[in-house]
Amino acid sequence: MKIIVIIPTYNEKENINQIIEAVLSQHDALEVLIVDDNSPDGTAIMVEEYQKKTEKVHLLKRSGKLGLGSAYREGYVLSLKKGADYIVQMDADFSHNPKYLLDMIELREHADVIIGSRYIKGISVLNWPLRRILLSYFANQYAKIITGVKVEDLTAGFKFISRKALERVDLSKVKSNGYGFQIEMNYAFSSTGSTIMETPILFMDREHGVSKMNKEIILEALIGIWAFRFKNYKA
Ligand SMILES: Nc1nc2c(ncn2[C@@H]2O[C@H](COP(=O)(O)OP(=O)(O)OP(=O)(O)O)[C@@H](O)[C@H]2O)c(=O)[nH]1
Ligand SMILES: [Mg+2]
């Protein structure tokens, strides 16, 4: 079994070594693919340094900040090419504790896509200001109604995806980039016949590095999701 964990990075030098280490130490089948958008803080140089120690770390260097959605799309394609049986998406900032990878590995036969979810056991988010929790929670309720996808945490960035589920989706149809990208992928998985389940995680706000969240990302998600139903995502 080969599991490739895609971690997109933009200025994550304070987290990068630790997150790679933490992921690889969970399970032997895990490899890491860092998709770095030419981070000015030199994140990619640290990854290249790490690659000298192990063959389980891959690096995709892109020319500039092209957005999270496009980083994942390129990461998916490369992971499939490298022969991954499962593809994981995860943030570099420790909001997604790597220990949950073991829960996902254990659950892998139960669904095509497994989401690390903040909203299936009440609301499990640590250190976010109340206004950000409320925004995220209600944006999720809204997205659930508009898309019809029965997932509580549609904007989650922590996902364990089977090769089969990814191969069913025509990635060239997936256009969103921020939180909208997470919702669109869930819609694409669900509308191409994949099953989705959620496993609870405790989400922690980042302790190191800077946030890349902004109003455009939220607006894209709120408005963009209306278009999903009119698209056919079948590969
Ligand atoms: N390659 C690439 N990675 C990105 C880009 N934007 C964000 N990231 C990475 O994507 C992951 C999620 O971004 P975050 O900035 O943590 O977004 P967030 O969790 O919504 O907000 P904060 O945790 O408050 O910063 C992190 O690993 C970022 O480094 C981008 O344009 N390109
Ligand atoms: Mg974050």
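Select proline 40 and show its surroundings: leaving aside residues up to four places away in sequence, proline 40 touches Tyr10 and Asn11. Keep in mind that this is a predicted model. Proline 40 sits in the loop that links β2 and α2. Is proline 40 buried or exposed? Its relative accessible area is 63%, and exposed means over 50%, so proline 40 counts as exposed.

Proline 40 and serine 95 are 55 residues apart in sequence, and the line spans 22 Å.

Now select residues 16-24, which form helix α1. This helix lies across β1 (3-9), β2 (30-36) and β3, and runs at about 155 degrees to β2.

Hide the helices and look at the strands. In what order do the 7 strands of the open sheet stand? The order is β3-β2-β1-β4-β7-β5-β8, and the pairing is mixed. At the edges are β3 (57-61) and β8 (196-200), each of which pairs on one side only. Neighbouring strands of this sheet are turned against each other by 20 degrees on average, direction ignored.

For the last stop, select β5 (residues 113-117) and β7 (residues 159-162), which pair in the antiparallel sense over 3 bridges. Within this pair, isoleucine 114 stands opposite phenylalanine 160 in β7.

Methods: Residues are numbered from 1 along each chain as its sequence is written. Chains are lettered from A and ligands numbered from 1 in the order in which they are written. This is a predicted model: local features need pLDDT of at least 70, side-chain atom pairs count only at pLDDT 80 or more; totals for chains, interfaces and linings use all residues. Side-chain values use heavy atoms; hydrogens and water are left out. Two strands pair if DSSP finds at least two bridges between them. Helices (H or I, at least four residues) and strands (E, at least two) are DSSP runs, numbered from the N terminus. Axes are lines fitted to C-alpha atoms, for helices over the stretch in contact, and angles run from 0 to 180 degrees between N-to-C directions. Contact means heavy atoms within 4.5 Å. Buried means under 20% relative accessible area, exposed over 50%, partly exposed in between (1.4 Å probe, protein chains only).
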